[in-house]
Amino acid sequence: MSPGRRFPWAALVAVLLCAGAGIIAPPAHPAAAAAGTSYYVDPDGSDTADGRTPATAWRSLAKVDAQTLLPGDTVRFRAGGRWTGQLSPRGSGTAADPVVLTSYGSGAKPLIEGGGIVDAAIRISDEHDIVVAGFEVTNSGSGTTPRIGIGVGATDMGAVAGVVVRDNQVHAIQGASSGSQASNPSAGGIIVSARGERTPTYYENLAIEDNEVYDTRSYGIVTWSQWMQREGWNSLWPDLMGIPAAGFRPWTPSTGVVVRGNSVHDVSAGGITVMQASGALIEHNRVERAAQEHGNVGIWWAGADDTMVRFNEVSGTKYWGLAGDGTAFDADASVHRSLVQYNFSHDNEGGFFIAVSTGSAPAEATVRYNVSQGDANQVFALSTNARNIDVYNNTVWVPLTPFIANNPDRASFSLVKVWSSTVRGVRFRNNVIYDGALLPYDGSGVVAYDRNLYQDGPVPPADKAALTGDARLTAPGTATSLDDLSGYRPAADSPVLGRGLDIAHDGGRDAVGTALPAGMPDLGGLQRTAGSGRDEAAPTAATSFGDGQSTSPAALTDGSDQATWASPDTGVSYPGTITVTFPSPRTVSEVVLATHYGQGQGITRLDVQTWNGTAWTTRSTDATIDWASDSGSVELAALPLPAAVSTTGVRLVVKAANHTWGNLSVNEISTR
């Protein structure tokens, strides 16, 4: 466990364009107050001036702080200017007319230096609908007290709408160089907090975008809340956050949180952390060299529901021991329905992904269509209350790097590690895994491995449909950025083509934007050719045979080789039918049956029909299947049609099957 918009974009663009063109807004008058007033600040200005033109600019931060800003007001600091102390403006805007703090003129961003003396160099307290854009910010002196670059806080305020922090350069933020204070989530580059004990306080449409944050002695970007208690998680590291354990209150999440387009690098602790949020979006960020002074993670989230983490690149997170995090991504305490997709993780010493919680709270996540390259230690780590972890269609490339080869802990490194008996509901499906480092898989039995390809290294015995051998990808192991993943596309002769389980609600695209097929995808994070791109529910299945052994026809289209449908073991007569209905029309050239113990219970002769909108049409008559195995290993039998057909359903007219135990059985029916 890692320790301790509502915004009128057109209006802001217009403001910034006017500033860049040297256009000066006229002074406001009572009848036009909603249009706002522009104020200018220049180190060579005068606090006795009116501040309304560059020629009559104010001089000091204190003068700005003394002004009560109104909706639509803009305060512009001269490019290349430098101020020491704290900027702490007063006044809020509205959704249509936010208060804007920004720059004017050409040159370097205006610099606000906290000097390590103030808690935050820019402090926004109890204000809403306010934009902080285009500053350079530092806050470092000779001390080790944790400080903040840009701090946004609200206490007992209820809903706090429309706070935007964008296009700032935040660096040289003071803190401890070692120990727990080097990993203090209440300190760092950009820190947003919701506090109080009387009125539940939360943010609406908070946006943290396009900032560069580096050289901080704690975190890069954090949102956190005193309103966090649920599911047995009752406090946020009181020794670090400065709030006693009794001061925390019931969970009240921020909504519409967006953390986008930021570059966070060379930070002591975590790179980006979003806590106490519902529906947060963390996307298009780049995090490099996080956790440089204390065990932590590149991007993690906690106390959060429905978090989407996508299009991020995380690299160089430092290793701090087997249980010391160091991963790219972390679904942490009390998180439900996380979605981690389309990311590139590489060269993280602690691994790619961890899920860990506390109390009775789960840590849930779907991890799909990502590429992990050169991550080490425990590439996937599953700890306390990790539940409903669905890992599918990722490409994981683990060469024997010098870090792995020479690490004293190498014997304990693993590709998948289960740390706790509370881990439940973990599936690995459709992944391509190159294990040149020969890392082992967890043997606890709580992870279901299903139809992955394993190139080098061990094969988990639980994967009864495993593929092995060379995945024959185009140029694996050579990616340098999120925009350079094409080397992980399968070659024309790759064994992964069209071999994947048909998984419902798969997002419709792969790691690089190629549309997914309706039916069986290629294994791994990248498809070779585009399909229809539909993101849809699973097909439904029905049968005339009835059900035996506590099975259901739903198992035939559930995206799993492990769940099985079986007929009753007596009274089976032929012909009988198994019907699969698709949620939308799809082109079918083959029907694929997955079966284990095929020589004992597999279908051996059948007709294949498709639905033409009014009737069933036979496409293949008396097709035969010769199963090779009578074991728990899953075989795939492909039944090609004479020509591809667009259809909404497939029906198998079963005429014969093996009956060693009196029943016939099928694990999965798919199409491609």
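Hi everyone, what does the lining of the second largest pocket have by class: how many nonpolar, polar and charged residues?

What we have here is a predicted model, where local features need pLDDT of at least 70, side-chain atom pairs count only at pLDDT 80 or more, and totals for chains, interfaces and linings use all residues. Residues are numbered from 1 along each chain as its sequence is written, and side-chain values use heavy atoms, with hydrogens and water left out.

Now, back to the pocket. Its lining has 7 nonpolar, 5 polar and 4 charged residues. In this scheme Ala, Val, Leu, Ile, Met, Phe, Trp, Tyr, Cys and Pro are nonpolar, Asp, Glu, Lys and Arg are charged, and the others, Gly among them, are polar. The space in the second largest pocket comes to about 210 Å³. Of its 16 lining residues, D119, P146, I148, S186 and R195 are the closest to the centre. Two elements give two or more residues to this lining, β9 (148-155) and β13 (188-195), and β13 gives the most, with 3 residues.

The search runs on a 1 Å grid over the protein atoms alone: a pocket is an open set of points with protein on both sides within 12 Å along at least five of seven lines, a cavity is a set where a 1.4 Å probe fits but cannot get out, and lining residues have an atom within 4 Å of a point. Grid points are joined across faces, edges and corners, and a volume is the space filled by probe spheres set on the points. Strands are DSSP runs of E with at least two residues, helices are runs of H or I with at least four, and both are numbered from the N terminus.

On to the cavities. The largest cavity has about 70 Å³ and 14 lining residues, with D502, I503, D506, R534 and E536 nearest its centre. That lining divides into 7 nonpolar, 2 polar and 5 charged residues.

The second largest cavity holds about 50 Å³ of space. Here 13 residues form the lining, and Y203, T223, W224, S254 and M275 lie nearest the centre. What about charge? The lining has 8 nonpolar and 5 polar residues, and no charged ones. We also meet β13 again: β13, β17 (219-225) and β23 (272-278) each supply at least two residues of this lining.

Next, the rings. The structure holds 24 aromatic pairs, meaning rings of Phe, Tyr and Trp (its six-membered ring) with centres within 6.5 Å; planes under 30 degrees apart are stacked, over 60 edge-to-face, and the rest tilted. Take Y441 and Y449: their ring centres are 5.6 Å apart and the planes stand at 85°, so this pair is edge-to-face. Y441 also pairs edge-to-face with Y454, at 5.8 Å centre to centre and 85° between the planes. Y441 sits in the loop between β40 (432-435) and β41 (447-450), while Y454 is in strand β42 (residues 453-455), so the pair ties together parts 13 residues apart in sequence.

Are these three tyrosines buried or exposed? Y441 is buried at 13% relative accessibility, Y449 is buried at 3%, and Y454 is buried at 2%. For reference, buried is under 20% relative accessible area, exposed is over 50%, and partly exposed is in between, with a 1.4 Å probe and protein chains only.

Some rings have a charge over them, which here requires NZ of Lys or CZ of Arg within 6 Å of the ring centre and within 35 degrees of the ring normal. R230 lies over the face of W251, 3.8 Å from the ring centre. Likewise, the charged end of R586 sits over the ring of F582, at 4.2 Å from its centre.

Finally, some backbone points to look at on screen. D215, in strand β16 (residues 212-216), has a positive phi of about 55° although it is not a glycine, and D215 is partly exposed at 37% relative accessible area. F311 also has a positive phi, near 55°; F311 lies in the loop between β27 (308-310) and β28 (313-315) and is buried at 16%. The Y574 to P575 peptide bond is cis, with omega near 0°, and P575 falls in the loop between β45 (565-566) and β46 (576-596).
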